[in-house]
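Here is a short note to go with the structure. Please read the points in order.

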Amino acid sequence: MKFVLPFTGSRGDVQPGLALAIELDRRGHRVAFGAPPNLVTFATAATTSSPGVTVVPFGPDTKALLESDLVRRRIKAKNPRTRIAALAELANFGWDDMTRQLSAMASGADAAVTGTLGQEMTFNVAESLAIPFLALHYCPIRSNGSMSVVPGKKLPPIVNRATWRVLEAMRWRSMRERENKQRRSLGLPDAVSALPKRIADYGGTELQAYDGALFPGLEQEWGSPRPFVGFIELPSTAQHLGAELGQGSALRCWIDEGSPPLYFGFGSMPVKDPQSLVRMIEEVCAAGGHRAVISSGWSSMAERIESGSIVALVSAVDHAALFPLCRAVIHHGGAGTTAAGIRAGLPTMICWFSADQPFWGAALGRVGAGTAVKFSSLDNRTLQHGLEILLAPDTAARARELASSMTPPSDAVRRSADLVERAVTRNGR
């Protein structure tokens with residue numbers, strides 16, 4: 001069978017799709033995988049041992065987009081008109097190019113699987129080809145009564161469902177014109193309802209690529225159309241990350257010099273003033289007697305690993321290998337980084353920027369395994385307070401309990417691939 005997997009966004013958006021592509025290749029299938037131009041090298045390296053996976057550029061350079069004036073300034077403007085115009089521009093960004101690229105990639109496909117971003121265009125292509133549609137969701141994004149659209153807010157189920165539906169209606173209004181333009185080009189009639197209803201009517205499957213334990217009630221509420229599979233991660237052998245952690249490596253020698261360090265990393269979130277951030281971490285760690293590993297992610301920080309220093313600066317690093325050597329993790333709240341911290345049994349402080357990140361902060365706070373703060377509010381005082389919560393015995397104990405309940409990543413990707421294959425079988429292809 002052939003599968004088309006178009007993924008856009010940051011590395012955290014793309015990585016679960018790559019893990020699924022590798023598993024489908026292992027089962028003897030062919031995969032056309034679309035990745036943002038800035039992540040093509042990463043995706044190609046990750047699938048080197050998967051000959052059935054072909055990686056092609058898909059959509060805009062997401063690193064450049066995240067660092068653009070549109071995302072860094074205009075989308076956060078205080079003027080509502082400026083902000084609304086910027087949101088509309090962002091929603092349209094690269095749409096026409098991606099729809100053309102996707103149509104070419106999907107030729108001969110037996111099913112289409114995409115991530116949280118770009119679902120509308122992928123669903124329309126799947127419908128035009130009469131093939132199964134599946135999506136990986138990295139946090140709850142559909143109407144439900146179990147959780148509020150406001151992270152951490154406890155509201156009645158009827159209010160939760162109503163507000164989620166309002167958001168779905170707003171999304172549909174913003175997407176309707178460009179969606180129907182694409183649908184007409186594919187020979188489809190105009191859509192008259194929002195995507196969630198069309199996916200349900202079509203028989204699509206929305207895989208919840210995270211653990212239901214973090215959102216009590218959702219698994220029972222949603223049932224089989226939105227199955228919970230657990231966090232999907234790349235195997236370490238496919239990650240090809242920067243800093244080495246083997247015995248004798250510079251980072252491992254630094255770690256072994258003293259007490260287990262704290263981990264700081266902000267992934268694909270561009271930090272406006274990384275030098276000031278490093279200074280703040282150094283000051284708080286010095287005051288508290290802590291050591292820290294700081295991963296630069298997509299921010300500009302020079303690597304620095306010096307014997308005797310309380311802080312080590314590295315580029316990319318394998319979380320699965322590093323986190324078990326750490327005491328706690330402080331990061332932006334991407335689903336992948338959150339999963340790695342949970343699996344390592346570490347208390348977590350999420351310094352969120354946007355999107356699903358505050359939901360993970362609220363979820364960890366709800367189960368007592370961590371805390372959260374908006375990144376723009378992070379300073380010496382809030383960081384010190386957060387570390388006091390993280391390093392409390394009760395928080396560490398809850399983090400270990402949570403780790404024991406998580407779905408192993410091998411089980412998560414295996415179940416996901418099973419569901420993809422079954423969708424094709426049910427479709428009679």
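**Sheet, helix and pocket**

1. Strand β2 (residues 30-35) runs parallel to β3, and 5 bridges join the two. Strands (E, at least two residues) and helices (H or I, at least four) are DSSP runs, numbered from the N terminus. Two strands pair if DSSP finds at least two bridges between them.

2. This is a predicted model, where local features need pLDDT of at least 70, side-chain atom pairs count only at pLDDT 80 or more, and totals for chains, interfaces and linings use all residues. Numbering starts from 1 along each chain as its sequence is written, and side-chain values use heavy atoms, leaving out hydrogens and water.

3. What is the order of the strands in the open sheet? The 6 strands run β3-β2-β1-β4-β5-β6, with parallel pairing. β3 (53-57) and β6 (205-208) stand at the edges with a single partner strand each, so one side of each lacks a neighbour in the sheet. On average, neighbouring strands are turned by 20° against each other, direction ignored.

4. Helix α1 (residues 11-26) lies across β1 (2-6), β2, β3, β4 (111-114) and β5 (133-137). The helix runs at about 165° to β2. Contact means heavy atoms within 4.5 Å. Axes are lines fitted to C-alpha atoms, for helices over the stretch in contact; angles run from 0 to 180 degrees between N-to-C directions.

5. By class, the lining of the second largest pocket has 8 nonpolar, 5 polar and 3 charged residues. Nonpolar covers Ala, Val, Leu, Ile, Met, Phe, Trp, Tyr, Cys and Pro; charged covers Asp, Glu, Lys and Arg; the others, Gly among them, are polar.
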